[in-house]
Amino acid sequence: MPNNDNLPVKQSSRWLSLENKRNLRRFSSKVDRIGKIGASVAIAFVGLVGTVVFPLPVASAIGTGVSILALTAAANLAIFKKEDDLLFVTRKNLSGKTAISQDSLDFRGFSLMKGFSPAEKGALMGVQALVGLERFKQEFQDKKVKKVPSKDGRSNVYKPVFVTSTHGINIKTFESLEKLGYIEIESLKDLRKSYLIFEKLGFGQTKEAYKSAKSVITGKNKELRKQIKRIKFRLTDKPFDFEEVYEHYLDVKDTKEGNLERKPLKRLGIIFDILEKRNIDIQRDNLGIPFINYKATSSFAARKKADRFARLSKDEFNKRIEDIEINTPDRIAEQELRKKAREDSENSIVHIDEDTK
């Protein structure tokens with residue numbers, strides 16, 4: 001018999017799989033990125049030509065400025081990988097690890113987080129980290145990236161290593177992710193203490209950045225410095241289901257100590273709760289890739305709580321209807337008749353046994 005594995009229909013079916021569709025989109029993004037780099041280099045060249053053709057001081061200054069900005073943009077695109085809905089970038093460092101950092105050239109944070117409290121800004125940073133890591137995990141799965149056993153032997157981790165320098169709430173988020181089995185932390189070390197001036201500017205915290213800059217000059221208010229830690233970690237092959245995690249959080253948040261997952265679940269769940277009044281939702285596109293919708297009709301937490309309330313209300317309603325049906329006069333009479341029939345049947349069996357003795 002002929003081998004059907006090489007039939008065109010078979011190949012077409014494989015090519016149209018969800019995994020291959022996602023990989024095709026990732027490839028298209030790379031092509032688009034290369035195109036943007038080329039466009040930026042072309043603009044820089046035009047700027048340099050302008051300084052030669054129009055040697056006037058003003059024209060020369062403008063041409064030089066355009067060239068510098070365009071070359072900076074090209075270099076940024078070539079070095080860093082950027083997602084449209086995230087304020088973070090990734091790059092491969094010299095040791096081959098994937099470094100995660102804040103995009104210092106993306107000032108959308110000023111408008112994106114206008115009016116946000118410091119807690120809300122921190123929570124949004126956490127949500128972005130969760131979405132970004134889940135995308136990487138999904139990509140590793142689609143591309144069948146090699147896995148190795150975890151340190152505890154209870155799961156598998158993908159070989160690529162991530163590294164980032166961060167502080168405070170972000171470190172606790174990573175630790176919670178490890179306790180829930182979503183990542184494996186390789187190392188966590190203190191680096192330095194920082195006033196986080198540029199980070200605060202990137203998130204639109206101009207007043208806080210000014211206070212920190214003033215502290216650097218005066219040497220006062222050293223308590224504003226934060227301990228920066230360097231964390232290295234790997235992703236496990238356990239998918240991060242945002243809906244499921246939040247449901248579990250709602251189940252355990254008001255329970256007493258005893259559940260080992262209670263504390264890490266609360267750490268992650270609170271991130272979503274802090275943003276409950278902001279219409280920021282986590283959704284998935286037609287290929288199942290998670291993304292952040294900053295113009296949603298309601299927040300992720302509000303949507304999930306509404307769904308949960310509707311579901312629980314429906315269950316309670318159905319239970320009450322069932323109780324009513326069980327206790328209606330007709331149902332009671334029916335149960336009595338069945339009981340009487342059962343008793344008559346049992347009595348008949350007894351008489352038969354006595355007759356056969």
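Hi everyone, and thanks for coming. Some ground rules before the tour. Because the model is predicted, local features need pLDDT of at least 70 and side-chain atom pairs count only at pLDDT 80 or more, while totals for chains, interfaces and linings use all residues. Residues are numbered from 1 along each chain as its sequence is written, and side-chain values use heavy atoms, with hydrogens and water left out.

Let's start with charges. Side chains of opposite charge can pair when their charged atoms come close. How many salt bridges does the structure hold? There are 19 salt bridges, each being a side-chain nitrogen of Lys or Arg within 4 Å of a carboxyl oxygen of Asp or Glu.

One of them joins Asp 142 and Arg 22, whose closest N and O atoms are 2.6 Å apart. This pair links distant parts of the chain, with Asp 142 in helix H5 (residues 118–142) and Arg 22 in helix H2, 120 residues apart. Helices here are DSSP runs of H or I with at least four residues, strands are runs of E with at least two, and both are numbered from the N terminus. Is Asp 142 buried or exposed? Asp 142 counts as buried because its relative accessibility is 5%, and Arg 22 is buried too, with a relative accessible area of 7%. For the cut-offs, buried means under 20% relative accessible area, exposed means over 50%, and partly exposed is in between, using a 1.4 Å probe and protein chains only.

Next, please look at Lys 305. Its side chain meets that of Asp 273 in a salt bridge, at 3.4 Å from N to O. Lys 305 lies in helix H11 (residues 300–326) and Asp 273 in helix H10 (residues 262–274), so this pair ties together parts that are 32 residues apart in sequence. Lys 305 also forms a salt bridge with Glu 276, where the closest N and O atoms are 3.0 Å apart. Glu 276 sits in the loop between H10 and strand E9 (281–284), 29 residues from Lys 305.

Which residues do salt bridges with shared partners join into one network? The members are Glu 243, Glu 247, Asp 251, Asp 281, Arg 303, Lys 304, Arg 308 and Arg 311. Let me zoom in on Asp 281, which is in strand E9 and is buried, with a relative accessible area of 2%. The side chains of Asp 281 and Arg 303 are joined by a polar contact of 2.8 Å. By polar contact I mean a pair of N or O atoms within 3.5 Å; within protein, one must be able to donate a hydrogen and the other to accept it, and residues adjacent in sequence count only if both atoms are side-chain atoms. Not counting residues up to four places away in sequence, Asp 281 touches several others, including Phe 291, Ala 296 and Phe 300; contact means heavy atoms within 4.5 Å.

Now for the rings. The structure holds 12 aromatic pairs. Rings of Phe, Tyr and Trp (its six-membered ring) pair if their centres lie within 6.5 Å, with planes under 30 degrees apart counted as stacked, over 60 as edge-to-face and the rest as tilted. Phe 136 and Phe 140 make a tilted pair, 6.1 Å centre to centre with 50° between the planes. Both lie in helix H5, 4 residues apart, which is about one turn of the helix. Phe 136 counts as buried at 15% relative accessibility, and Phe 140 at 9%. Phe 174 and Phe 233 are tilted as well, at 5.0 Å centre to centre and 35° between the planes. Since Phe 174 is in helix H6 (residues 168–179) and Phe 233 in strand E8 (residues 226–235), this pair ties together parts that are 59 residues apart in sequence. Phe 174 and Phe 233 are both buried.

Last stop: Val 157, in strand E5 (residues 156–158). Val 157 counts as buried, at 1% relative accessibility. Val 157 and Glu 184 are 27 residues apart in sequence, and 7.4 Å apart in space from C-alpha to C-alpha.

That's the tour, so over to you for questions!
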